[in-house]
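Biologist: I have not worked with this structure before. Could you take me through it step by step?

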Amino acid sequence: MSQKYDGSKLSDELKKKAWENLREDENLRCQALEQFREWITKHPKIKKCRMDDVFLLRFLRTKKFSVPEACQLLEKYLTTRKVLPQLFDNLSLSDPAIRHLISSGGVMLLPEPDKQGRLVITFDPEHYDPNKYTTVDGIRATNLILELANLDERSQICGIAHVMDWAKLTLPFMGMWTVSQTKNFTRCWQKTFPLRHGAFFFVNMPAFSLAFSKLVISCLSEKLRDRIYMVKDWESVHGDLGASILPSDCGGKVPRKEIAKKVIELAEKHREEILALNDFDIDVSDVDLNFGNSYDADLDSAIVGSFRKIQVD
């Protein structure tokens, strides 16, 4: 795999955003990559890891080129994948559950970015049958989508917007997610994935979903809580994201099935690249994987505190 990153291939618009958002230029990029590789080489527990520019830039961009923070993120990323193989092994459409949840439109990466250049990930529980699929199935499908987003430089530079459509949320679906599972899942992707999370939109929330939403929100960092928007309908989202990029059932122009088909094609195209992410080795013999210091007994107070910070449209 090529070691050298060719920044000239970025569009002028992305170069501008890379400078505005990250202060990224060729000089900073080269220095940071050199320091990053040196740290990996000397790390006593990392036995095998990708060292190419394209891979390492995901972590540097997420941390705005703070090399120490990027190093910590990479270590957490490798450790999480090693300790929780059931969530990361064989992330491909050969898994029937993943194929269904993506092809049905349950979780999708939209083909076009929003008004701010962010990639958009949508979640819709309508096709998630709790009698057929487990929480692990849902996490795995989401992890594949997140890895696909990781491959796109637009997400690395401009970030990602998440849109959760709760209109078809059901009590059986919510009942699948225990406090422990929800905490571990949200902390896993916010603390270990090299992604810049720009906004979270909770749309069409039924009254009975309030407690579930509070649980999810309580597991997010304070910075991410400030990026949550609870809105009553899709028109409230159109102004921020742009209506045309959304599925037609959400006020957009493209049928959900067509978007899902494109996501399937993208996953097939990058199948080997995604599977190759497991070609690493790190010593986790003394790891006590802990995504946070909160205890379940403290959940109610955490929920109340976090919910006060939500912006309501």
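This is a predicted model: local features need pLDDT of at least 70, side-chain atom pairs count only at pLDDT 80 or more; totals for chains, interfaces and linings use all residues.

Biologist: What helices and strands does the protein chain have, and how many?

Modeller: The protein chain has 16 helices and eight strands.

Biologist: How many of the residues count as buried?

Modeller: Of the 313 residues, 52% count as buried. The protein chain exposes about 14,800 Å², and carbon and sulfur atoms supply 50% of that area.

Biologist: And what share of the contacts comes from residues 24 or more positions apart?

Modeller: Such residues account for 79% of the contacts in the protein chain, taking those with a separation of 6 or more.

Biologist: Let us turn to the strands. Is β5 mostly covered or open?

Modeller: Strand β5, residues 197-203, is mostly covered, with six of its seven residues buried.

Biologist: Which strands pair with β5?

Modeller: Strand β4, residues 160-165, runs parallel to β5 and is joined to it by six bridges. Strand β6, residues 228-231, also pairs with β5 in the parallel sense, over four bridges.

Biologist: Which residues are bridge partners there?

Modeller: Ile160 has His197 in β5 as its bridge partner. Phe202, in turn, has Met230 in β6 as its partner.

Biologist: Changing topic: how many salt bridges are there?

Modeller: A search of the whole structure finds 18 salt bridges. One of them joins the side chains of Asp53 and Arg37, with 2.8 Å from N to O. That pair links distant parts of the chain: Asp53 lies in helix α3 (residues 53-62) and Arg37 in helix α2 (residues 26-42), 16 residues apart.

Biologist: Is Asp53 buried or exposed?

Modeller: Asp53 counts as buried because its relative accessibility is 4%, and the cut-off for buried is under 20%.

Biologist: Which other salt bridges could I look at?

Modeller: The side chains of Asp152 and Arg154 meet in a salt bridge at 2.7 Å, N to O. Arg154 has 24% relative accessibility and therefore counts as partly exposed. Another salt bridge is formed by Arg271 and Glu272, whose closest N and O atoms are 3.3 Å apart.

Biologist: How accessible are Arg271 and Glu272?

Modeller: Arg271 counts as partly exposed at 30% relative accessibility. Glu272 has a relative accessible area of 54% and is exposed.

Biologist: Which residues are linked in a network of salt bridges?

Modeller: Glu24, Arg29, Arg61 and Glu153 are linked in such a network.

Biologist: What about disulfides: how many does the structure hold?

Modeller: The structure holds zero disulfides.

Biologist: Where is Trp39 found, and which residues does it touch?

Modeller: Trp39 is found in helix α2. Leaving aside residues up to four places away in sequence, Trp39 touches Ile46, Cys71, Leu74 and Glu75. Its relative accessible area is 26%, so Trp39 is partly exposed. The C-alpha atoms of Trp39 and Val67 are separated by 9.2 Å, although the two residues are 28 residues apart along the chain.

Biologist: One last topic: which residues other than glycine have a positive phi?

Modeller: Phe65 is one of them, with phi near 65°. Asn90 is another example, with a positive phi of about 50°.

Biologist: Where are Phe65 and Asn90 placed?

Modeller: Phe65 is in the loop between α3 and α4 (67-83). Asn90 is in the loop between α5 (85-88) and α6 (96-103).

Biologist: Are those two buried or exposed?

Modeller: Phe65 counts as buried at 7% relative accessibility, whereas Asn90 counts as partly exposed at 36%.

Conventions: Residues are numbered from 1 along each chain as its sequence is written. Side-chain values use heavy atoms; hydrogens and water are left out. A salt bridge is a side-chain nitrogen of Lys or Arg within 4 Å of a carboxyl oxygen of Asp or Glu. Helices (H or I, at least four residues) and strands (E, at least two) are DSSP runs, numbered from the N terminus. Buried means under 20% relative accessible area, exposed over 50%, partly exposed in between (1.4 Å probe, protein chains only). A disulfide is a pair of cysteine sulfur atoms within 2.5 Å. Contact means heavy atoms within 4.5 Å. Accessible areas come from the Shrake-Rupley method with a 1.4 Å probe; for residues, only the protein chains shown count as cover. Two strands pair if DSSP finds at least two bridges between them.
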